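Morning, everyone. Here is the model for today.

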Amino acid sequence: MSTKTETPVKKKNQKKIQCFWSWVIGSVILRLIIIYFPKNLNLSSRPEVSTPLTSIRRLAEGYWLKQSSMSPYAGSMYHGSPLLLTLLGPLTVKRIEGQPDHLLCSLVFVIADVVTAMLICAAGKKLQAAYSSSLQSIGLHHLSEDSDILPSGDFAALLYLWNPFTIVACVGLSTSAIENLMVVVTLYGACARLAPLAAFGWVMATHLSLYPAILIIPVILLFGYGPDAPPRKLFRQRTNLEVDDSASGDRSCLEDELVNEKRMLNVFSWRPVVLFLFWALLWSSYVLVLCGIYVQQHSGLQEMFKSTYGFILTIQDLSPNIGVFWYFFAEVFDFFRSFFLIVFHGNILLMILPLALRLNHRPCFLAFVYIVLSSMLKSYPSVGDSALYLGLLGLFAYELKDMQFSFFLFSGYVGVSLLSPVMHNLWIWRGTGNANFYFATAIGYACLQVLYLFSLISGPLLVLILLLSLFSLLLFLN
Amino acid sequence: MVENDSVTEKKPRIRPIVRLGFFLISHSNYVSLLCFLSGIVALLLLPILANNTYISENALMPGSANSMLSTQHVSHANKFINDLTHSDIESHKTVAQYMSALDAEVTYHKFYPQLNQFHPLHFFTSSDSGIISKNISCSSLGINVAGIIRAPRGDGKEAIVLVTPYNPKKVGPGEALSLGIAYSVFSLLSRVTWLAKDVIWLVADSQYGEYSAVSAWLREYQAPVFHEAEIVNSETCNDSIAISELGQNPYSDRNSYGGFRRAGTMAAALVIKVDEQGNHHEDSLNIYPEASNGQMPNLDLINIVNYLGVHKTGFRIKVKKMFSLLGSRWLNTLGGIFESLGQIARSLNPQWKFGISATEYVEGAATLASSMYSQGLGVPTGSHGAFRDYQVDAITLKISPKDSPTKMIRRNDFILRGGRLIEGVIRSINNLLEKFHQSFFLYLLSSSSKYVSVGVYMIPFALLVAPLPIVAASLHADASKSTLQSTYSSEVEVSHKSWKWLNSARKVLVIHLWGAVVSLLPYFLYQIPNSTPTTNFTVWGILSAFSLIILYFILGSPIFEAAPSQPEKGEWASLKSVTISTAFIGLSLMSVINFATAEIGALLIVPICLMARPLKLDAQARSWRALLRATCNLALGFIAFPPVAYFLVKGAFEDFNGTNVGDYWNWVESLWTWNSATYLYVGIVHLPCWALCIHILFHPC
């Protein structure tokens, strides 16, 4: 009996796996085709794709400076990590005859994308296992069984790989592919409870783009409580109900339940957290030593911090991008500048605590929301950041099946991503528009992201804060 | 207390704005009808809402100085014209000799005419330096002559360009006259002391089309290519090398320099042409401002020409208008109605003066329609269009004399007047401190002295497309509600209910991909040698249909269909809502790229998008209303089919004479050789939306 039922399931699974892999290969082929496309796409110079932090051209410049024994940060060209220079720098110089210029670099980014997708897939599997076990413990087994859809991990991986934003960021040679990889490494490591891996991912991600530093809260929660589960309240209710039902039952059953409850409630376990923190310390000192060696001849680590983290925090480059900061800080008076810098960066920090309190039983989701938040409020956003959170959305496909405004959001993203290059063209190339045209799409994009966040965590207070900060910005500008 | 609670629970307080949204969505039928009709009315009101132009930039000061062009310059110009038309030596050498006699720096620019190339995203990417096509014989070499006067008061960072296209093989009388006018101004400018910007006089070789000559020179000026081995090689095969001969020229010992000469950034450019035939009425001046993709030069440039033409030189300034509309009865009636309405309004309150006379209305409407049509085509109306690609404001001034240039008695007078106009315009531009930026870039002309600005003409468009999101939202709400009711039984189905639209979105995406494929097909068809437009068009149509069928099978195959379910009840509604949203996004995008295209396109595609409803449902209803709707749908579906729409638009704006199917192909070909965004709009937005609407009409629900 059991074998009979198993074989079709197996077959189905096999077919699904085949299907999955063919889609993955398809996405890789698509990327290669676009890489070989003639140069008139010119994606790597689009402001939507490459920011001062992620542009490959700046990286090549930094490498060139380093090769001619100057500091790679001379002349405010390069603002990334020295480790990226050692990894990608030689590849920017190497040319293969008859091939596109940055072929090797693009191959690295394609590989990074695929690895990211695989890690998302693995993380999704871990999450799903945790989810079904927690469902079982509440007693809703049947819910987990009849979910006949594609596993959320596979779905998320495909969503990440086929997202046009990811493809554009990968083909546009933006280093955000590697930043995204590191963030996903963190998430996977935390889900799989591999402290060294998670620590490595977190340290590298923070080192590369600073903002993932806030992920330390969800990662600690993940190590402390384990992956996402329904609120602890639910377990308690469930056990109470069962106690009521089996009031006449024997005592041993009740004791069992109590034990079970204790296990499910699993109080914060400190051991893996301490392990994680230890590893994080180890990795960060290692990274610092490596960087120190690399920039030794040129005024050392201080300059590195100044022109990476300092550059991110003080928003020195005001060239247009899809964020709202450049326009604002181009307008603001110099003597207000530091005040508004604090206000704008404080915005992210303000959001961290309420979210952590509200979502502490679902650390993975919390991490996801943090990623959305930071990609919204970061100083140099690009489509690569949106690619990550749109891909991760697939991980929570089952929870978000009732998402409101999904159609509106979809149309909005399509509309804004088409409108933005057109507005840029109108402003820069035709000269008939001006900066406000492009900034209008940036505002639209920001509003969309607020709405996106709203539909994720229908928390009216949070949305109110976000909208208020956005509108205060607009008011200030007028 | 308890009662209060229950009341608040029953009626959750809804904010007024949300309530307004719900109201709009629930009455989407009436709202959309109202919006659409008011959009059309607003469009018809545009000639009344046009403002008078005014010179916005203070620095221009047109006509503040007296003209310095004298009869002496004109007689020199006359001599030049005679030499040009009667001399034996090649005409470009004559031009160069005369230029260097005026102490101008002379350069020759050799170029190959560019073959038609397909850059589908040209309007979107930066202007790339063109690819020089190989194996062109030496005989097809064109030679532009450019003379540069260095400004005595300038720093050589800015320049004004005069362009006179002419055909060196056969210099016509009109062309000679335009060269004469330019020469007279040029000879004056070489002596004046007030010049602060360099003046470039480009004599463009128009034997392969004036546009390609001007654009080749501009490309060399703005974005030189550094692999010119081919051109250098080809010089050997040309026996009369102009540059080396110029070096031996006694006139130009200090000005002989073989390379390409430049002045500063261009402030503005004027293309001067003279009509070959006289118009028998009066001397008039036609202004052609439209560049590629509906881009216009700054309105101030037109204002100066208009001001100087009217107030100083007494030319009659004209802008192109549609003569077919002038005689149309309905427009005259409409003008009469608006006039009487204006009179009534004035009788109520003398302060209100929005009425204009009927003839004025008709003239304005005809000009506006022409302006919109030529902007909407996205094809430049003259060689000035090449300048706009480099953000230089340029217009073509076509002077049409009273008598034909061959038998003109008052030629000196004509040259004097034309020259004074050009001199005034150049003097005005010379005063500019910055680039043209004060006045409008986005406008439609309703006469040479009236314009409709972007803030006004966006209103009709916004009203036309406003129903789209409202109807899409109401359909989406209905569709999700109906699926919620129908599939509550099975829990699995419920799980996707808010993502139900994904299925329709996939279909819409595939159809839009098909649109992209169809718009790429002519690129391959163009490679077929010796084919007539009609056969090309037929092949194109067949291939398109074939690719649609292939896509249809791929779409229907089990790979794509996750759960092969029978067509559901609300399926067409969700499909329609997604279609409408894509149409909305496409139209809004197009309105930013090229407003006029979006406006005309919205008039064609919005009605069918709003009305589309399966014919089967209407047939089942068996009421007069349903029948009427079905016929309307069929008629609208027929009208919106791109070739039919093309013939209709062409019939409305031009004349119907001698239309055949090949015309459509020719039109399409002209669109993509001019890199018009209209082509992409038709292929990627209009055609797929039409196809989806037809799909909805014949939906088996």
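Start with the surface. Chain A has an accessible surface of about 22300 Å², with carbon and sulfur atoms holding 67% of that area. That is Shrake-Rupley with a 1.4 Å probe, and for residues only the protein chains shown count as cover.

Ground rules. This is a predicted model: local features need pLDDT of at least 70, side-chain atom pairs count only at pLDDT 80 or more, and totals for chains, interfaces and linings use all residues. Residues are numbered from 1 along each chain as its sequence is written, chains are lettered from A and ligands numbered from 1 in the order in which they are written, and side-chain values use heavy atoms, leaving out hydrogens and water.

Next, the fold of chain A. It has 22 helices and 0 strands. These are DSSP runs, numbered from the N terminus: helices are H or I, at least four residues, and strands are E, at least two. Of its 478 residues, 51% are buried, meaning under 20% relative accessible area with a 1.4 Å probe, protein chains only.

Now chain B. Why call strand β4, residues 158–166, largely enclosed? Because 8 of its 9 residues are buried.

Who pairs with β4(B)? Pairing takes at least two DSSP bridges. Strand β5 of chain B, residues 198–205, runs parallel to β4(B), with 8 bridges. B:Thr164 has B:Val203 as its bridge partner there. Strand β6, residues 265–274, is also parallel, joined to β4(B) by 6 bridges. There, B:Val163 partners B:Val271.

Key
Buried means under 20% relative accessible area, exposed over 50%, partly exposed in between (1.4 Å probe, protein chains only).
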